[in-house]
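Colleague: Before we discuss this model, could you put the sequence and the structure up together? I would then like to go through it by question and answer.

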Amino acid sequence: MTQFNEMYQGAEVRLPYARLKDWVAQMPQELRSLKQAEAEALFRRIGITFAVYGEGGDPDRLIPFDMFPRVFSGSEWARLERGIKQRARALNAFLVDVYGRGEIIRAGRIPARLVYQNEAYEKAVAGFVPPKGVYSHIVGVDIVRTGPDDFYVLEDNCRTPSGVSYMLESREIMMRMFPDLFRENRIEPVDTYSEKLRRTLSSVAPAKCKDEPTVVILTPGHFNSAYYEHSLLADLMGVELVEGQDLFVDGEYVWMRTTEGPQRVDVIYRRIDDAYLDPLCFRPDSMLGIPGLMDVYRSGGVSICSAPGAGVADDKAVYTYVPDMVRFYLGEEPILQNVPTWQCGRDEDLKYVLANLPDLVVKEVHGSGGYGMLVGPKASRDEIERFRLKLTEGPGNYIAQPTLALSTVPTFVEEGVAPRHVDLRPYCLVGERIELVPGGLTRVALKEGSLVVNSSQGGGVKDTWVLAE
Amino acid sequence: MLSRTADNLYWIARYMERADTVARLLEVGSRISLLPSAQGYRSEWDSLLQATGMAHAFAQKYGETVQRNIESFLFFDRDNPSSIASCITAARENGRIVRTALTSQVWDALNTAFQELRQLEREERSKLELSRLTDWTMRHAAMLRGAIDATLLRDDGFNFLNIGYYLERGDNTARLMDVKYYVLLPRIDFVGSGLDNYQWTTLLRAMGAQRAFHWAYGGDVTAMKIADFLIRNPQSPRSLATCTAGLMNHLGRLAKAYGRETEAQDKARSLAAGIESATVEAIFDEGLHEFLTRYIAEAAQLANAIHDAYLSGEMR
């Protein structure tokens, strides 16, 4: 399988990377080690660490940061941007539809079972249209690349995609360590993200809210692995970071407990799952939620971002139908392609998957974080047989995709610089307007040959550049 | 600000001040234990455990009052919520939750203390001198205090931090004095003896106030002078008068910023008035122990009032 190295075209350096060639060639080994140590110290100092569940060990583990940036030209990005925004619009149209009349199902474009019997489908919000008709306010679209013009969407994240703090902090650290690079290359800034996020959240305040809306971020608490990100975003936007216990329902509104008495809350950017939002509506044993929140929400007293129920759009089984959504709701052809996907719940697909396991990537429909997946070409015979058994027992729980020849980007490794596989997660903001900062989170599989970029599986991050045209 | 944030700030201060006091207690204990003993009264260490309010828990876990066990209990033991390790960990945890309400220097001070603590815990115990541990603790407490004073915005969060400091410090001063008077000298004929004076001097030393005391008073060390210094003298950084004045000041600033008074301001005023109006003679007439017990109880009521008015989020 030939792999596309984003820096080269044959022996030629591709234009976006032109200036990086000299940069890396002229960097002495000592300087490199020095800078790497400096980056690590900076990350630790600002406290940007990542806890991995169920691993024990250091709860303040650092995500490895690779200093070699990943670069897009302005025109490459322009196309990506159009594709991502298109997808975000379609996904939101789909959500409004399936909690409303369900036209796409009536039209026979997507099976009713996949939607209405989906665990992520919230009956509690059927018939409710959130302000501005937006369910998913932050859409994280995971994209991989296989050639100069070949981009595929791996999955959509419509609930609460995380990782944006790495996009912001990686950039801060790169600018601090290599100011010359930023003088020589014209790199679009990403630090407008927090301002755009604040504007997006404010724009979906409930109609009842007449003044400047009060926005808060709702976190499960400081034991959560993404707590740093929650507190960073709260800080950058200048809003309160609250836990469930800080909020209560009184009358038709939600209030937060402050030292000056109750203060009304208009928009909640929640970083907890639907199930934990309101013990009266969802899980009764939730200690994280706010009793009565959903009643206030449905009567238009508060906005919740992303809206409860948004998860039905990013289910791995629903994913297959996103290109159809684009055609159905927008009347456009999808700009970004899906990875061809086999639904193991379908007999003919299952047959194909079982026959070709060593060549495929098999994923759990509801899994995340790179857990519970099979990478056929890298798996041992035992692992493959174990998956074969799982697939026969519960085929509906799995999808399969071809092993893509993911693009690589030069990466600093022990022996020098070597290509490593990457993916990309941009964060699309949907409110009154749809916005996308030029950049995103590039995750890199640091192990040679590895295709798994998840931080829980030894992945690292890179700064992602978009060059100004 | 969020009530929970105010609560976290308040506890950062209380825990660090408590760690500082425990370090001072340990220092006093080890100093007194260097004296020839066999006088026949109770061990000094017992009285120090009484001061932390943890004598019972210690007896249950360790039994005999051996210096080494007491060091472990007061410095390293995570089962003891008032141990220095527990206090620093709790302070840092509270700080982590409210990172955005702190400056990077304040966070640095908290986090560095915690990271160094973890290193200390990995070191061989026999290589750790007690004086190194107590110095280390007091240094980090001072660094945090300095970072707060030098870098933090003078907003309501700053007031809640200071309220935590002054409440804890006043409580600690009262308890330290009480233990010296009450536990060490159960019989009145010891009062005024040479030994008595030596122990009072050690108390001053523990509060880092021995020289300050001599500058302020001169002459012989007497119980009356020490009581005046630690209770009524507004120049003394740890006196009850200084602590209550600090509480009045910061609660007053909150009332002004929020545009309303609460029960907490009332209680702080009456606590301060009680200190100001009492002469040393009157205090000794009432009985030092009785006076201190009353102070500790009233300060606890003030803490409750602060909790209800600001930290619980129940105020409507």
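Colleague: Leaving out residues up to four places away in sequence, which residues does Val179(B) touch?

Modeller: This is a predicted model, in which local features need pLDDT of at least 70, side-chain atom pairs count only at pLDDT 80 or more, and totals for chains, interfaces and linings use all residues. Residues are numbered from 1 along each chain as its sequence is written, while chains are lettered from A and ligands numbered from 1 in the order in which they are written. Two residues are in contact if their C-beta atoms, placed from the backbone, lie within 7 Å. On that basis Val179(B) touches Ser47(B), Gln50(B) and Ala51(B).

Colleague: Is Val179(B) buried or exposed?

Modeller: Val179(B) lies in helix α8 (residues 156–183) of chain B, where helices (H or I, at least four residues) and strands (E, at least two) are DSSP runs numbered from the N terminus. A residue is buried if 20 or more other C-beta atoms lie within 10 Å of its own, exposed if 12 or fewer, and partly exposed in between, with C-beta atoms placed from the backbone. Val179(B) has 22 other C-beta atoms within 10 Å, and is therefore buried.

Colleague: How far apart in space are Val179(B) and Glu314(B)?

Modeller: In sequence, Val179(B) and Glu314(B) are 135 residues apart. Taken from C-alpha to C-alpha, the distance in space between Val179(B) and Glu314(B) is 36 Å.

Colleague: What is the radius of gyration of chain B?

Modeller: Chain B has 15 helices and zero strands. The radius of gyration is taken over C-alpha atoms, and the globule rule is 2.2 Å times the number of residues to the power 0.38. For 316 residues that rule gives 20 Å, and the value for chain B is close to it, so chain B is as compact as a globular protein of that length, with a radius of gyration of 20 Å.

Colleague: Of the contacts in chain B between residues at least 6 apart in sequence, what percentage join residues at least 24 apart?

Modeller: The C-alpha atoms of chain B fill a box of roughly 60 × 50 × 35 Å along the principal axes, and buried residues make up 45% of its 316 residues. Among the contacts with a sequence separation of at least 6, the share that joins residues at least 24 apart is 69%.

Colleague: Are α1(B) and α7(B) roughly parallel or roughly antiparallel?

Modeller: The axes of helix α1 (residues 3–32) of chain B and helix α7 (residues 130–151) of chain B come within 9 Å and cross at roughly 150 degrees; axes are lines fitted to C-alpha atoms, for helices over the stretch in contact, and angles run from 0 to 180 degrees between N-to-C directions. Angles under 35 degrees count as roughly parallel, over 145 as roughly antiparallel, 65 to 115 as roughly perpendicular and the rest as oblique. The relation of α1(B) to α7(B) is therefore roughly antiparallel.

Colleague: How many nonpolar residues does the contact of α13(B) with α15(B) have?

Modeller: The axes of helix α13 (residues 263–277) of chain B and helix α15 (residues 288–311) of chain B come within 8 Å and cross at roughly 160 degrees, so α13(B) and α15(B) are roughly antiparallel to each other. Residues that meet include Ala264(B) and Leu271(B) in α13(B) and Leu302(B) and Ile306(B) in α15(B). Ala, Val, Leu, Ile, Met, Phe, Trp, Tyr, Cys and Pro count as nonpolar, Asp, Glu, Lys and Arg as charged, and the others, Gly among them, as polar. By these classes the contact has three charged residues, one polar and, as nonpolar, eight.

Colleague: Which elements of chain A give two or more residues to the side that touches chain B?

Modeller: In the contact between the chains, 17 residues of chain A meet 15 residues of chain B. The side of chain A that touches chain B has five nonpolar, six polar and six charged residues. Its contributing elements, by the criterion of two or more residues, are α9 (227–237), β7 (240–242), β9 (253–258) and β10 (261–265) of chain A.

Colleague: Which residues of chain A does a cis peptide bond join?

Modeller: The bond has an omega of about -10 degrees. One of its residues, Ser306(A), is found in the loop between β12 (303–305) and α11 (316–319) of chain A. The cis peptide bond joins Cys305(A) and Ser306(A).
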